[in-house]
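Please examine the sequence and the coordinates shown here before reading the briefing.

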Amino acid sequence: MNPIQQTNKNSGWKWVLLLILVLIAVVVLWMKSCNGPILDIETSNPENKILISPEEIRSIEDIGQWVFLNVESEEIVDTTRRHFFRSDDALSRIYVCNMRFGIDMNEVKGTDWFITSGDTAKLALPAVRLMDEDFINEAKTRTFYEVGDWDSQALKKMYNKARRQMLKRNNTSQNLKIAQENAQHEITRFIQSFGFKEVEISFGMKINNLLPPKNHTHSTGAMEPNQ
Amino acid sequence: MDKTDLNVNFEEIKKKRKPLGLTFIILLLLGILLFLIRSCETENALVKSSLKTDDVELGNDMEKLVFKIQNCSRLYTTEYKIHKIVTHEDQKVLKMGGLKIEIPLTDRHIAVPMDVTLKAYIDLGTFSENSIKTDGEHILITLPDPHVEVTSTMVDHDNTLIHNSFIRSNYTAKEQEQLHRQGLKSITDNILETDILENAKLSATRTLVPMITRMGYKEENIRISFSKEKFNVADLSRLIDTNNATSIQSKRE
């Protein structure tokens with residue numbers, strides 16, 4: 001290549017470089033004219049909108065659950081995953097439950113559970129028990145400490161752990177006894193509203209062997225301790 | 001070696017260095033971009049919004065643990081099991097002034113199936129002799145308005161689908177619980193579109209009529225009415241228990 005061609009080639013590159021610098025300057029001035037940072041990274045969904053499928057009603061069921069005791073509680077569940085070469089992962093969550101104790105009126109269908117004689121009403125009702133197998137409101141769970149990456153299976157294990165703790169804490173003979181006493185009181189009041197003076201109520205006998213097999217409690221409106 | 005040969009050699013060396021320098025600059029810019037994207041992951045708007053609604057410190061969380069035992073007399077008459085799929089997606093966007101460019105390989109998606117159980121109940125705690133009118137043969141019972149309560153929500157963790165590209169971090173537990181809450185809210189907002197309240201009334205009738213017939217009344221002489229026959233949006237807020245707490249006392253208009 002002769003010296004003249006070499007010189008032309010060098011000056012061509014200089015013009016290209018100058019053009020690029022001018023373009024960059026124009027872009028920078030334009031971005032500066034907009035309020036806000038020149039360069040920013042944000043999400044395409046800044047309002048975190050979710051898409052929700054149409055409601056699918058999977059079942060509609062007539063139930064006859066007469067609830068006499070409501071136990072609302074929260075349970076802290078935590079878990080740790082140890083690592084050898086780095087700090088441990090940890091996750092702590094608070095689960096919310098609402099446990100209902102009462103009787104299922106569907107269990108007395110087809111039986112002579114309600115007998116009247118003059119102004120006396122006699123009722124043979126099923127045992128007071130926990131009404132729902134599912135009592136945790138998982139949508140209200142709160143995470144207050146999280147370190148590391150936790151997948152869906154880890155969350156499922158924590159849910160099951162919370163459920164076991166809640167059952168252990170709340171599904172006790174003491175709560176069942178409280179529920180039955182309130183059932184005695186409320187059902188008596190309800191039946192007496194219809195004009196009956198004497199109300200005799202017997203409950204099923206499977207409350208942690210708390211009561212003898214045939215327990216008849218006679219009520220005249222005031223609560224009496226179980227015999 | 002004369003001066004011309006040296007210049008030629010120097011020019012050859014410069015030519016080889018140019019592509020190397022350009023490659024280095026491009027890799028440096030990509031690295032900076034990658035760093036910016038990852039550094040924005042730790043506290044994004046989804047988590048910030050959750051902090052706004054639940055901005056409690058660890059100490060306050062312990063104090064807020066609730067344990068309530070409440071005596072009640074509620075007849076739950078209808079149960080609805082509702083299935084919903086909540087999805088969320090986002091992608092990182094490079095914003096330069098007013099220009100937005102979607103950054104490839106920065107998207108993430110999640111689909112969460114949820115099962116919600118709604119139950120409608122009649123609060124018999126206020127039931128008394130005043131709720132009954134009878135002439136010995138006919139009987140009219142007035143019951144309070146049915147209430148609707150979310151008794152449980154369950155996330156199907158086994159069928160939760162998550163996809164995120166390698167440079168995005170996974171959905172955290174806090175982010176997922178925000179999605180669960182939004183899903184639950186969408187269900188409670190649309191309760192009026194279901195006929196759960198009407199079914200609650202019918203089911204209460206089916207539960208109580210057999211009991212009243214055993215008291216000596218004929219089925220055709222039993223009438224059960226409720227405080228209000230039709231509900232509108234204004235009634236909804238007082239009839240839905242959204243906080244799993246005590247029942248809301250209905251107010252007679």
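This is a predicted model: local features need pLDDT of at least 70, side-chain atom pairs count only at pLDDT 80 or more; totals for chains, interfaces and linings use all residues.

Chain A and chain B bury about 8400 Å² between them, and the contact takes 87 residues from chain A and 101 residues from chain B. Over all chains, the structure holds 24 salt bridges.

**Chain A**

- The secondary structure of chain A consists of three helices and ten strands.
- Along the sequence, these elements follow the pattern α-β-β-β-β-β-β-β-β-α-α-β-β.
- Chain A has 227 residues, of which 41% count as buried.
- Among the contacts in chain A with a separation of 6 or more, 71% are accounted for by residues 24 or more positions apart.

**Interface between chain A and chain B**

- The size of an interface is often expressed as the accessible area lost when the parts come together.
- Of the area of about 8400 Å² buried between chain A and chain B, 52% is on carbon and sulfur atoms.
- Polar contacts between the two chains involve 36 residue pairs, with both residues at pLDDT 80 or more.
- Strand β3 (residues 56-81) of chain A gives the most to the side of chain A that touches chain B, contributing 20 residues.
- Six salt bridges are counted between chain A and chain B.
- One salt bridge is formed by the side chains of A:Arg100 and B:Glu149, at 2.8 Å from N to O.

**Strand pairing in chain B**

- Strands β1(B) and β2 (residues 99-123) of chain B run antiparallel and are joined by 21 bridges; B:Leu75 stands opposite B:Ile122 in β2(B).
- Strand β2(B) also pairs with strand β5 (residues 147-155) of chain B, in the antiparallel sense over eight bridges; the bridge partner of B:Val116 in β5(B) is B:Thr153.
- Four bridges join β2(B) to strand β6 (residues 161-164) of chain B, again running antiparallel, and B:Ile110 stands opposite B:Ile162 in β6(B).

**Three-stranded sheet of chain B**

- An open sheet of three strands in chain B has the order β3-β4-β7, with mixed pairing.
- Its edge strands are β3 (132-134) and β7 (222-226) of chain B, each of which pairs on one side only.
- From one strand to the next, the twist averages 15°.
- Strand β3(B) pairs with strand β4 (residues 139-143) of chain B in the antiparallel sense over three bridges; the bridge partner of B:Ile132 in β4(B) is B:Ile141.
- Helix α5 (residues 196-213) of chain B packs on the sheet and touches β4 and β7 of chain B, its direction making about 145° with that of β7(B).

**Salt bridges**

- A:Arg169 and A:Glu75 form a salt bridge, with the closest N and O atoms 2.8 Å apart.
- This pair links distant parts of the chain, 94 residues apart: A:Arg169 lies in helix α2 (residues 152-170) of chain A and A:Glu75 in strand β3 of chain A.
- A:Arg169 is partly exposed, at a relative accessible area of 47%, whereas A:Glu75 is buried at 4% relative accessibility.
- The salt bridge between B:Lys119 and A:Asp132 has its closest N and O atoms 2.2 Å apart.
- This pair joins two chains, because B:Lys119 lies in strand β2 of chain B and A:Asp132 in the loop between β7 (129-130) and β8 (142-147) of chain A.
- B:Lys119 is buried, with a relative accessible area of 1%, and A:Asp132 is buried at 8%.
- B:Arg108 forms a salt bridge with B:Glu175, the closest N and O atoms being 3.0 Å apart.
- Salt bridges with shared partners join A:Arg100, A:Asp132, B:Arg74, B:Glu79, B:Lys81, B:Lys119 and B:Glu149 into one network.

**Individual residues**

- B:Thr78 lies in strand β1 (residues 67-96) of chain B and is buried, with a relative accessible area of 0%.
- Residues touched by B:Thr78 include A:Ile60, A:Asp62, B:Leu118 and B:Ser203.
- The side chain of B:Thr78 reaches the backbone oxygen of B:Asn199 at 3.3 Å.
- A:Glu186 lies in helix α3 (residues 173-192) of chain A and is buried at a relative accessible area of 11%.
- Neighbours within four places in sequence aside, A:Glu186 is in contact with A:Phe68, B:Cys72 and B:Ser73.

Terms used. Residues are numbered from 1 along each chain as its sequence is written. Chains are lettered from A and ligands numbered from 1 in the order in which they are written. Side-chain values use heavy atoms; hydrogens and water are left out. Buried means under 20% relative accessible area, exposed over 50%, partly exposed in between (1.4 Å probe, protein chains only). Contact means heavy atoms within 4.5 Å. A polar contact is a pair of N or O atoms within 3.5 Å; within protein, one must be able to donate a hydrogen and the other to accept it, and residues adjacent in sequence count only if both atoms are side-chain atoms. Two strands pair if DSSP finds at least two bridges between them. Axes are lines fitted to C-alpha atoms, for helices over the stretch in contact, and angles run from 0 to 180 degrees between N-to-C directions. Buried area is the accessible area (1.4 Å probe) that two parts lose on being put together, summed over both. A salt bridge is a side-chain nitrogen of Lys or Arg within 4 Å of a carboxyl oxygen of Asp or Glu.
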